[in-house]
Amino acid sequence: MTSFAEFHRQSIEDRDVFWAAQAQLIDWKVPPAQICDYSNPPFARWFAGGQTNLCHNAIDRHVAARGDQPALIAVSTETNTERTYTYAQLHAEVQRMAAALQALGVKKGDRVQIYMPMIAEAAIAMLASVRIGAIHSVVFGGFASGSLATRIDDAQPTVIVSADAGSRAGRAVPYKPLLDEALGLASHKPQAVLLVDRGLVPMNLVAGRDHLWAELRAQHLDAQVPCEWVDATHPSYTLYTSGTTGKPKGVQRDTGGYTVALASSMPAIFDAKPGQTFFCTSDIGWVVGHSYIIYAPLIHGMATIMYEGVPIRPDPGVWWSLVEKYKVTHMFSAPTAIRVLKKHDPEYLTKYDLSSLQALWLAGEPLDEPTANWISSAIGRPIIDNYWQTETGWPILTLCNGVEKQASRFGSPGKAVYGYNVKLIDGETGAELTEPMQKGVIAIEGPLPPGNLMTIWRDDQRFVNTYWKSIPGRLIYNTFDWGVRDKDGYYFILGRTDDVINVAGHRLGTREIEESISGHASIAEVAVVGVADNLKGQVALAFAVARDNNVAGDPQACAALEKSVCNHVDAQLGAVARPARVYFVSMLPKTRSGKLLRRALQAVAEKRETGDLSTMEDPAALQQVVEAMIRG
Ligand code: ATP
Ligand code: MG
C-alpha cells in the first residue's frame with residue numbers, strides 16, 4: 001500500500017500520471033487526449049479531448065452487474081413513504097424523465113432548473129438532465145420567489161422541474177405558488193414547467209406552459225434515451241454558494257473532472273465499496289447533496305439514501321433507525337444537524353444497532369469540540385471532519401483513510417487531500433508560511449484539481465477577480481478561510497477571513513471565542529461578532545442560545561448566565577477575549593444551509609443595512625437579536 005504522503009506527493013509532482021490512473025475509474029467514450037490543460041491559468045481544462053457522460057457512469061455502467069441492487073432509497077418521514085429504486089429501475093425512470101425533458105424542448109447545453117423537495121424525482125431530474133447533455137441548476141427548495149427569480153434569470157433555463165409542495169415538520173410547504181411568483185418577477189421565461197404532483201396541495205396549471213410529470217411519464221414508459229457523450233469540459237451543472245459572506249456565486253462544474261474526482265474520492269477518502277450504503281443527510285440544493293447524495297455513491301455502485309424530513313421527527317432517533325434498517329456503512333451530515341440532536345437524550349441514538357457504520361463524516365462548518373465529543377460518544381463510531389466549499393465540489397482537507405489509516409486530531413479536519421496543493425499565505429504580503437502553527441489564509445496553488453469549479457457561470461472575470469487576485473503578487477486560489485498547520489501537516493480552520501476582529505490592537509478570531517463559549521455547559525449554540533467601538537476599535541458581542549429555553553425570556557437568568565459565560569472565557573482565553581456583552585436569543589440567524597450569518601448579526605449590531613439576506617433561513621431570528629439588544 002502507498003503511504004498517504006507518497007500518494008499526495010504523486011498527485012502534485014507527477015500530476016498527469018496520477019490523474020491518468022484515477023481517470024481509469026470511470027468509463028470514457030473517447031479517452032482524454034490530455035490530462036490537464038493549464039495553458040491559460042487559472043482556467044484548468046481537465047481530461048481535455050476526452051468524452052464521457054455523468055449519468056452513464058452513475059447508472060448505465062452498473063446495470064449489467066448490479067441491476068437488481070438498490071441504487072436510490074427515498075425515505076420521507078413527512079409523507080411516511082419509503083421507496084427503493086434498483087439500478088435497473090432507476091435506469092428506466094431516468095430515461096422516462098430524459099424523454100420528457102427532450103419532448104419539452106431541452107437540448108444539449110440547455111439549462112434545466114430544478115426547484116424541488118427531497119423526493120426521488122429530484123434526483124431523477126438531475127440524472128436525466130446530465131444524461132442528455134443539459135446543464136442542471138438546482139435551487140434549494142426552501143428559497144422564496146425573489147431568490148428563485150434571480151437564479152432563473154442567471155441560469156435562463158429551457159425547462160424548470162418543480163412540484164406542488166415540499167413538507168417540513170408535518171406541514172405542507174407549497175412550491176408552485178412561489179414558482180409562479182418567481183416566474184412573474186423573472187425576465188427570463190422558460191419554455192415549459194414540469195411538475196410532480198404529490199397531492200399535497202392543489203395546483204393551478206398554466207395552459208401551454210405547465211405539464212404534469214405523471215402524464216409525460218405515462219407517455220414515455222418505454223423510453224430509451226441514450227446517453228449524450230459530451231466533452232470532459234462540458235458543464236454538468238451550476239450551483240450557488242451559500243451566501244454566507246455576500247452575494248452567492250454561481251459555480252460552474254465540468255463533466256469529466258467531476259466524475260473522476262468523485263469516483264476517486266469513494267475508495268480513497270471514504271474507504272467505500274460498491275454494494276455498500278451511503279446516507280448523506282444534506283439537501284440536493286447544496287454541493288454536499290450533489291456530490292454525496294447523488295453522484296459519488298452511484299458512480300461507485302453503492303446504494304444512496306435520500307431523506308425528506310427533519311432529524312427529530314417522529315423522534316430524534318429517526319436517522320439512526322435508518323442506519324439500522326438499511327445497514328448504512330457511510331453517513332455524512334453537518335455539525336448544525338448534530339447540534340439539533342444534542343439538545344435531546346443520546347438514548348435516542350444508542351438504542352439502535354449502528355454496528356454497520358464505518359464512520360460519520362461531518363462538513364460545512366467548524367466542528368466544535370463539545371459537539372464532536374457528544375456525537376462520538378453517542379454513536380461510538382469514528383467522527384471525521386472534512387473541509388471544503390461549493391467551489392471545490394469535494395473535500396480539500398480530511399483524512400484519506402482508504403489510502404492509509406490516519407489518526408484524527410481533535411479540532412482538525414485533517415491533511416490536504418491529494419490533488420490539492422494547499423498553502424498558508426500571509427494575506428498582506430502574499431508570502432508563503434512554512435513554519436508549524438503560523439496563521440495564514442488557506443490558499444490552493446493552481447491548477448485546482450479535477451472536480452473544482454471551472455469558472456463562475458457566464459462570468460470568467462468574476463472568477464479570476466474573486467478567487468485569484470485577492471492575494472498580493474500571486475495567482476493563487478483564495479478560500480477566504482484562515483488556518484494553521486501543525487508540524488505533521490494537520491490543518492486547523494480558524495474561521496473566515498472576514499471574521500477576525502481587532503480589539504484594542506489584538507486580532508482575535510471570532511471562532512476561538514465561539515469555541516470557548518460553546519464549551520460552557522449551559523450553552524447550546526453561540527455566534528460572536530466584532531462590532532465597532534469608539535474606544536477599542538472593535539468589541540466582541542456574543543449572541544447565545546441557552547440549553548434551557550426559559551433563559552432568554554428571564555432577565556435575571558440572562559444576567560447570571562452572562563456573568564458565568566464571561567468568567568468561563570476569561571479563564572480559558574483571557575480577559576482580552578471576553579465578549580463585551582452576551583445576549584440571549586432562542587435562535588440564531590443562519591443561512592438555509594445552516595451556517596451562521598455573522599455578517600447580518602454584525603450589521604444589526606452596528607445598525608447598518610444588512611445587505612443580501614436572500615439565503616437567510618428565518619428573518620425572525622434577526623428580529624430577536626434586535627429585541628435582545630434593545631432590552632440591554
Ligand atoms: P459564500 O461563499 O457565498 O459566502 P459559503 O462560503 O458559506 O457562502 P459554502 O461553499 O456552502 O458557502 O461553504 C464553504 C465554507 O464553509 C468554507 O469556506 C468554510 O468557511 C466553511 N466550512 C466548510 N466545511 C468546514 C469545516 N469542516 N470546518 C470549518 N469550516 C468549514
Ligand atoms: Mg464561500
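**Ground rules**

This is a predicted model, in which local features need pLDDT of at least 70, side-chain atom pairs count only at pLDDT 80 or more, and totals for chains, interfaces and linings use all residues. Residues are numbered from 1 along each chain as its sequence is written, chains are lettered from A and ligands numbered from 1 in the order in which they are written, and side-chain values use heavy atoms, with hydrogens and water left out.

**Exercise 1. Find the buried residues of helix α6 and the elements that they pack against.**

Step 1: Select residues 145-155, which form helix α6. Helices here are DSSP runs of H or I with at least four residues, strands are runs of E with at least two, and both are numbered from the N terminus.

Step 2: Pick out the buried positions, where buried means under 20% relative accessible area, exposed over 50%, and partly exposed in between (1.4 Å probe, protein chains only). As a reminder, an α-helix has 3.6 residues a turn, so residues three or four places apart point the same way.

Step 3: Look for their partners, with contact meaning heavy atoms within 4.5 Å. The buried residues of α6 pack against strands β6 (111-114), β7 (135-138), β8 (159-163) and β14 (237-240), and against helix α7 (176-185).

Step 4: Go just past the end of α6, where Q156 takes a positive phi of about 50°.

**Exercise 2. Locate two cis peptide bonds and two positive phi values in residues other than glycine.**

Step 1: Recall that most residues other than glycine have a negative phi, and most peptide bonds are trans.

Step 2: Check the peptide bond between R313 and P314, which is cis with omega about 0°. P314 sits in the loop between β17 (303-308) and α11 (318-326).

Step 3: Do likewise for G446 and P447, joined by a cis bond with omega about -5°. P447 is in the loop between β24 (440-444) and β25 (455-456).

Step 4: Turn to phi. K327 has a positive value of about 50°, in the loop between α11 and β18 (330-333). This residue is exposed, because K327 has 57% relative accessibility. R458 has a phi near 60° and belongs to the loop between β25 and α15 (460-468).

**Exercise 3. How many cavities of 30 Å³ or more are there, and what lines the largest?**

Step 1: Search on a 1 Å grid over the protein atoms alone; a cavity is a set of points where a 1.4 Å probe fits but cannot get out, and lining residues have an atom within 4 Å of a point.

Step 2: Inspect the lining of the largest cavity, made of 13 residues, with A44, W46, N452, L453 and M454 nearest its centre. Strand β2 (residues 43-46) supplies the largest share, three residues.

**Exercise 4. Which residues come nearest to ligand 1?**

Step 1: Gather the residues with a heavy atom within 4 Å of the ligand. Of the 20 around ligand 1, T241, T244, T245, T390 and D481 come nearest.

Step 2: Look for polar contacts, pairs of N or O atoms within 3.5 Å. An oxygen atom of ligand 1 is 2.6 Å from a side-chain N or O atom of D481, and an oxygen atom of the ligand is 2.6 Å from a polar backbone atom of G243.

Terms used: A polar contact is a pair of N or O atoms within 3.5 Å; within protein, one must be able to donate a hydrogen and the other to accept it, and residues adjacent in sequence count only if both atoms are side-chain atoms. On a 1 Å grid over the protein atoms alone, a cavity is a set of points where a 1.4 Å probe fits but cannot get out, and a pocket is an open set with protein on both sides within 12 Å along at least five of seven lines; lining residues have an atom within 4 Å of a point.
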